[in-house]
Amino acid sequence: MQELTQAEMRVWIWEAAAVIDKNSALLCDLDAAIGDGDHGANMTRGFAAVLKKLEGGAVAGDLGAFFKTIGMTLLSTVGGAAGPLYGGFFLELGKQSAGRTSLDGPSLAVLIEAGLADIKRRGKAEPGDKTMVDALVPAVEAMKAAGGDLAAVTRAGAEAARLAATNTAPLQARKGRASYLGERSIGHQDPGANSAALLLESLARICSA
Amino acid sequence: MIGIVLVSHSRKLALAIQEMVLQMVGPDFPIAVAAGVGDEHEELGTDAVHISEVLLPFCQGDGAVVLMDLGSAVLSAQTALELLDPDLVPDPALKLRLCPAPIVEASVAAAVAASVGGDLDTVADEARVALAPKEAQLEEAGVSASPPPAAEPVRSAGDTREVDVVVDNPHGLHARPAATLVQLVNRFQSDVQLINRSANRGPSSARSLTSVALLQIRKGDEIRFSISGEDARSAADAIRALADDRFGESGEGPTPRPQMPVRAGKEEGGGIPISEGIAIGRPLALNAVLPDFGDDVAGTPEREKEKLDEALRQVAGDLRRPDLPNGVATEILAAQALVLGDPVLLAAVGSRLAAGQCSAAAAWRAETEALAASYAALEDDYLRARAADLRDIAARVLRVLAGGGKALRIQPDPPAILLAGELLPSEAMACDPSRVLGVVANAGSPSAHAAIIIRSLGIPMVVDGSVDFAAFAPDVLLAIDGGSGEVWVDPDPVRLAAIEARRQEILAMRAAVDSVKTAPAVTSDGQSIEILANVGSADDAARARDNGAEGVGLLRTEFLYLGLKDMPDEEKQAQSLAAILANLGAGPVVIRTPDIGADKPLAFMPTAFEHNPFLGVRGLRLSLRHPDFFASNLRAILRAGVERDVWIMFPMVTAPDEMRQARAFAEAAHRDLEKAGVDHRWPVKLGMMVEVPAAAMMIERFAGLADFLSIGTNDLTQYLLAAERGNGDLDALQDAAHPAVLRAIHEICGKAGEAGCHVSVCGDGASDPLVSALMIGAGVRSLSVRPNQLALIKAQVRAVSIEALRALTRDAMRCDSAAEAREIAKKELGSLSSPG
């Protein structure tokens, strides 16, 4: 695959929604250990709403409009902190891809980097805070390093994100509900980092197909 | 006004906070909820898009403080700001503040600050420090723990006043009374500092809810307000008045005494017609007739104090015996009773007395009048209305002090037309009809108790708010027409002659009417109408007999119980009833079991507080809940009526099953008496009042259960039109001539006729010639009227034909309003019956 258009992106969202649904209980369990146990349910609800939104057919316009639709839907349906964070992430993707109808590997990496910046700004989180940022920072670095091929870029991103998500376990949470737990948050993986990894893994699968 | 937006994961939580805030600052306060997630916002979570939509109108208005609960609520609120359309909201920071304060405490603090006109920063500041009182309370750290906002005393020019108060509120100055205080203080320019002297906290600004809360004022605490500024005096008066009202908690949600509407007359001009008849004479201010409460020192300060205490006790006793017929009464009385026990007032009166040179009456009058004046000067409607209560209660006490408790008599010599601000029931009762020619009051309503009494005395009365008594020269000649509401001041000779002619005409008509007293009430086309009397006392009974009543359609029994501390035994009840029956002429007597309830509570039968006593446990509902009392009522009636054609009627019947139970009670009463070998009447007819719309609509379901029906038009009208009796604002609705009432009566008569059931009308409508004509047209063949209307109603019956009345009522039932129905009835009856 050379380029991602809205058609592929729709498949990605469809895949992501299915993966999140399948892993909903896992995400909830991870969240229950260090938070309020609703991350899986929230994400499932949000992506189900996005699917519903996209059911009607392609979003008119460029990729900017497409991402904006996803972002707004996540904002108003996820419910937890992941709503504004992922919602804001997709809104930023929308802003950065305004006027474009397709993405190649490098431009996808740049786009995700911009989305990550929005998450960091909004959540005021830095690497090491035990958040989704911990998965996304190494993922973006790997994507940028992977070069031109879309499949290679996304696979690098997904692998880095998965590894980083696993590596959130020894960290002590400093943001969100989990930060209330202090040292007790150590030993559990961060649910947000995991959902980020799931999103990137599903994207990689689409691009490798 | 700055608003509040509540952002919460839980919609229920936010709605509950919203409710609490609205309860505190009033229902119009702009507080919005942006909470929950999902289609109905019923799931836990926050929705940035929704929050943004809720925020938008506040951005386009005065702005809002945004209060959030946990975690993602903050993130979502921040995101919501970014979602606002920059074209509509160029700079959200100008209109919105996300405030990190705890949501519950901050909501209350911010709402109070906003409700008194605080700007965005002030409101946000109030919210931000809202946790301080709780912290201080838990740490017992005192005020210094967190500096209250906006508390710097501002020394301004003008007066300085101090107001000392001992807080009497059960929970101290908790949030609600504190909020009331802060709102009041913010109406004034003056700086108001408050000190909790008992706890040695303060001074703090009374403008801030938070700083007031920080003072942790509890019941019994002595607090001092220091007020300085241009309007210190009026601020001090207002604070004093509010404190005397226990910071608005004097009676858990009392509605203020309704301000009687002053409005243009229904007729050609002038005032509201209250009681028919024409009076011509010199005016006399009611105040001048009321006992003169001299300022002479009658004894030592101790003796005067004793006299006052005795008077207060007596009046307090009177107040526990409410004699007013509507729900407003209990609230008025509760408010008045509070004044009697008001510690601040009593202390002030006490110190006046202790100083000597002052009679109990003078001290009481001076202090109550000062208090009433400060109420009356306030801008707040509620507090202003309290002035009338205060003056009324003050007058009651003065009357007792002056007359040693003897009943008040109003007997002007020479006879005169009384001028009153508002005639009180006790004053109406005191009027001597041979000396009081008429009454003009500035305020009042035809359905007020005083009006009913004045009508029963046959004294003409008009309510006209525009009459300025103070402007009258002492020798002015006044003429009033209680039928039209007109008032003439110094009428010219031609006008006066016309009025006098009209007066003679009315007198002649009354005389003519009197002459038909003993004649049968038969229409010109041969239909005879039964004319019965409503009786509530031995005097009424005698008047009913003298005025030619064919029987009693309603004998009220409430008087047997009202005002008694202990439940009268069966023997006592039977004796009192027998005394009334002895005064009656021939004919059946319908005795109604007690129609009491929360609006007319009995001392020996405590009832739970009801928000709307008229829709509460009253009449038969109450009787069925007190089986012993009810059984004794029924046995007393059966015993007293042994020699008479006594019928028993149950009030406020709603369901057939209630009638079944009531019948069972009556039968049990009969069996008990029989077993005990006591003489009594049996069998008797058992019937019901039709006043609840449900009963009226399904009256055929009562066939076989009720031997007779009596329509209570007053209550039926109030319930059908959802217009409370005694609410002067709703007079136009409280009229039995309303087409809806006529239709109900027509329906009831039709169905009862099929079942062969006797129907009478005993409500006030039957005593109104126009309405009684419409009722006859609707099918009523028996009317029970006030004793002094007997002859008039009878004369009218004799002058009309059933045929014409049927047509008239048919038209009236098609009208849109009572006024319209009255209009056509008036026209029609004018041509049907020639006066005299």
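Is Arg128(B) buried, partly exposed or exposed, and what is its relative accessible area? Arg128(B) is partly exposed, at 41%, where buried means under 20% relative accessible area, exposed over 50% and partly exposed in between (1.4 Å probe, protein chains only).

The views show a predicted model, in which local features need pLDDT of at least 70, side-chain atom pairs count only at pLDDT 80 or more, and totals for chains, interfaces and linings use all residues. Residues are numbered from 1 along each chain as its sequence is written, chains are lettered from A and ligands numbered from 1 in the order in which they are written, and side-chain values use heavy atoms, with hydrogens and water left out.

View 1. Helices (H or I, at least four residues) and strands (E, at least two) are DSSP runs, numbered from the N terminus. Asp125(B) is partly exposed, at 37% relative accessibility.

**View 2. Salt bridges of Arg122(A).** Within helix H6 (residues 105–123) of chain A, Arg122(A) and Asp118(A) lie four residues apart, and their side chains form a salt bridge at 3.3 Å, N to O. Arg122(A) counts as buried because its relative accessibility is 6%, and Asp118(A) is buried at 5%. The side chain of Arg122(A) also meets that of Glu82(B) in a salt bridge (2.9 Å, N to O). This pair crosses between chains, reaching from helix H6 of chain A to helix H3 (residues 72–83) of chain B. Glu82(B) is partly exposed, with a relative accessible area of 41%.

**View 3. An open antiparallel sheet in chain B.** Four strands of chain B are arranged in the order E5-E8-E6-E7; two strands pair if DSSP finds at least two bridges between them. Strands E5 (159–166) and E7 (201–205) of chain B are the edges, each pairing on one side only. Eight bridges connect E5(B) with strand E8 (residues 222–229) of chain B, and Glu162(B) stands opposite Ser226(B) in E8(B).

**View 4. A salt-bridge network in chain B.** Glu558(B), Arg592(B), Asp595(B), Arg618(B) and Asp715(B) are linked through salt bridges. Over all chains, the salt-bridge count comes to 44.

Note on methods:
Salt bridge = Lys/Arg side-chain N within 4 Å of Asp/Glu carboxyl O.
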